[in-house]
Amino acid sequence: MKARTFGRHVRESLKSLKRNGWMTFASVSAVTVTLLLVGVFFMIMMNLSGLADSIENNVEIKVTLEPATSEENIVALKEQIEEMKQVDSLEHSTKEEELDRLIGVLGKGMGLYKSSNPLGDAFYVKVKDPQQIAKVAQTLKEYDYVEDSVYGEGTVEKLFNVLTTSRNIGAVLIVGLLVTAMFLISNTIRLTINSRGSEIEIMKLVGATNSFVRIPFVLEGVWLGLIGSIIPVIGLSIGYTRFYNTFSPRLENEIMQLLAPSPFLFQINFLVILIGVGIGVWGSFVSVRKFLNV
Amino acid sequence: MSIDIGDKVMIVMENVYKKYDSGVVASNGLSVSINPGEFVYVVGPSGAGKSTFIKMIYCEERPTTGKVSVDGVDVNTLKKKEIPYLRRKIGVVFQDFKLLPRLTVYENVAFALEVIEEMPSVIKKRVTDVLKLVGLSAKAKMFPNELSGGEQQRVAIARAIVNDPSVLIADEPTGNLDPDTSWEIMDILERINRQGTTIVMATHNKEVVNTNRHRVIAIEDGVITRDEYEGEYGYES
């Protein structure tokens with residue numbers, strides 16, 4: 001396309017936005033609301049997903065060994081576990097360290113056991129895929145010299161379930177909102193097309209190509225999406241930065257960590273603008289296509 | 001009827017049958033050939049298939065079966081994407097002018113060249129020339145609603161011929177005009193025809209057909225019932 005022609009398309013699309021002021025306002029508002037909600041959902045979901053990741057990475061299996069296990073057998077077992085392909089890392093804790101840990105939790109009274117330590121050594125095993133944790137724990141339990149192998153059954157599964165469900169609900173809500181906004185945009189464009197029906201008819205009669213007719217409307221969709229994303233981008237940026245500055249210090253020692261505004265906000269804003277322009281273009285394509293087939 | 005298919009023929013229709021989705025049969029085995037430079041009137045009662053005949057020439061409608069070719073372009077095998085390029089060879093004028101009210105006379109005519117991405121310098125020259133031809137140079141900056149019906153139709157004709165088409169299609173160009181104005185329009189069409197442009201004009205205007213004698217094709221119930229050179233209108237108007 002020639003630059004001169006593109007300039008004409010840009011002028012035409014802007015003129016049309018102005019001429020259909022109220023519909024422009026309506027669809028820009030729809031896009032704004034949609035993108036705000038979509039943006040907030042994305043922020044929540046990405047933070048939840050970050051939480052899920054950090055929980056998943058902190059889940060480990062505690063393998064306790066029988067107290068009488070000999071030194072060689074411990075080393076052999078350690079090597080055997082480390083060689084399993086599901087296993088990410090293994091930390092060896094001697095029976096003395098285990099007792100210290102117990103004293104730390106239960107108090108000095110436990111110090112009595114220092115003379116004859118009833119505990120065995122323990123391995124803290126991290127698996128590569130946290131979803132595999134139950135299977136690995138079960139396998140380890142069957143090994144010789146292993147007294148027990150636990151990973152906090154129940155709690156971990158429940159947490160995973162909650163996270164998966166909330167992700168799914170969020171995804172459904174986002175899709176619903178996107179469809180609504182697209183519907184509004186395509187209606188706006190359809191109205192502007194109707195008001196320019198005779199113009200299009202003449203364009204086609206004198207031999208304008210379909211893309212020549214279509215481009216101004218597609219551009220109009222782009223503008224609607226871009227204008228609609230201004231408020232969400234500003235709002236989400238300010239809102240999240242404040243939220244982060246307020247809550248992040250209080251969460252310093254927790255598993256739950258908020259994603260830092262940079263680069264998170266750039267990603268979110270980029271996504272919001274992309275979705276805005278996307279639904280604008282799609283909405284206009286849908287409505288122009290029908291018209292051009294005549 | 002035998003049809004001579006060659007470079008010399010501008011419009012060819014061969015056994016054209018057109019049935020609309022509604023079930024209406026608008027062309028029922030229609031064959032005709034029109035040579036370059038001809039002036040052809042298409043006459044017949046309302047609803048006889050004149051408009052469909054005209055629409056099939058500029059590819060607004062396509063035949064259900066049968067062959068249509070315009071200026072060497074086989075319409076049957078023409079892809080949708082290629083239709084605009086056929087239209088650039090065909091100028092179309094309607095009864096209701098179809099001008100854009102918010103554009104001036106000059107802009108209305110230039111519009112036809114802008115949408116086919118013609119160079120600005122070419123647009124300026126061609127629009128100026130063509131406005132002179134239809135006698136509207138002085139009114140180039142006026143808007144359509146400031147013009148009389150005849151003047152508006154002249155703008156429409158100017159727009160139709162500005163990209164120098166091989167065929168000019170006119171669907172009842174004098175239908176909305178008083179007799180005097182109709183003659184002005186006919187004068188312009190005759191002048192365009194003398195410059196070599198083929199003209200196909202659907203009309204109900206008995207006066208015009210019987211005075212400016214040209215080939216007359218009569219269509220009734222989707223078939224050609226009469227095809228005469230220097231023919232008469234042949235219906236009571």
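**Reading helix pairs, a sheet and an interface**

Guide: Let's start in chain B: α3(B) and α5(B) are roughly parallel to each other. Keep in mind that this is a predicted model.

Visitor: How is a pair of packed helices described?

Guide: You use the angle between their axes and the distance between the axes. Here, the axes of α3(B) (residues 105-114) and α5(B) (residues 149-161) come within 8 Å and cross at roughly 30 degrees.

Visitor: Is the crossing of α3(B) and α5(B) left-handed or right-handed?

Guide: Right-handed.

Visitor: And which residues of α3(B) and α5(B) meet?

Guide: From α3(B) come V105(B), N108(B), V109(B) and A112(B); on the α5(B) side they meet V155(B), A158(B) and R159(B). Sorted by type, this contact has five nonpolar residues, one polar and one charged.

Visitor: What does the rest of chain B look like?

Guide: Chain B has seven helices and ten strands. Of its 237 residues, 41% are buried. Take the contacts between residues at least 6 apart in sequence: 68% of them in chain B join residues at least 24 apart.

Visitor: Over to chain A. In what order do the four strands of the open sheet stand?

Guide: The order is β2-β3-β1-β4 in chain A, with antiparallel pairing. β2 (87-93) and β4 (146-150) of chain A each have a single partner strand, so they stand at the edges and one side of each lacks a neighbour in the sheet. On average, neighbouring strands are turned by 20 degrees against each other, direction ignored.

Visitor: How many bridges pair β1 and β3 of chain A?

Guide: Four, linking β1 (residues 61-65) to β3 (residues 122-127) in chain A. For a landmark, find I61(A), which stands opposite V125(A) in β3(A).

Visitor: Which strands does helix α3 of chain A touch?

Guide: Helix α3 (residues 71-83) of chain A packs on the sheet against β1, β2 and β3 of chain A, its direction making about 160 degrees with that of β2(A). Another helix, α5 (residues 133-141) of chain A, lies across β1, β3 and β4 of chain A and runs at about 170 degrees to β4(A).

Visitor: Last one: how many residues of chain A are in contact with chain B?

Guide: 13, and they contact eleven residues of chain B. Helix α7 (residues 197-205) of chain A gives the largest share of chain A's side, six residues. By type, that side of chain A divides into six nonpolar, four polar and three charged residues.

Notes: Residues numbered from 1 in each chain as written. Chains lettered and ligands numbered in written order. Predicted model: local features only at pLDDT ≥ 70, side-chain atom pairs only at ≥ 80, totals over all residues. Pairing = 2+ DSSP bridges. Helix = DSSP H or I, 4+ residues; strand = E, 2+ residues; numbered from the N terminus. Axes fitted to C-alpha atoms, helices over the stretch in contact; angles between N-to-C directions. Contact = placed C-beta atoms within 7 Å. Nonpolar A, V, L, I, M, F, W, Y, C, P; charged D, E, K, R; others polar. Parallel < 35°, antiparallel > 145°, perpendicular 65-115°, else oblique. Left-handed = near helix turned anticlockwise from the far one by under 90°. Buried ≥ 20, exposed ≤ 12 C-beta atoms within 10 Å, placed from the backbone.
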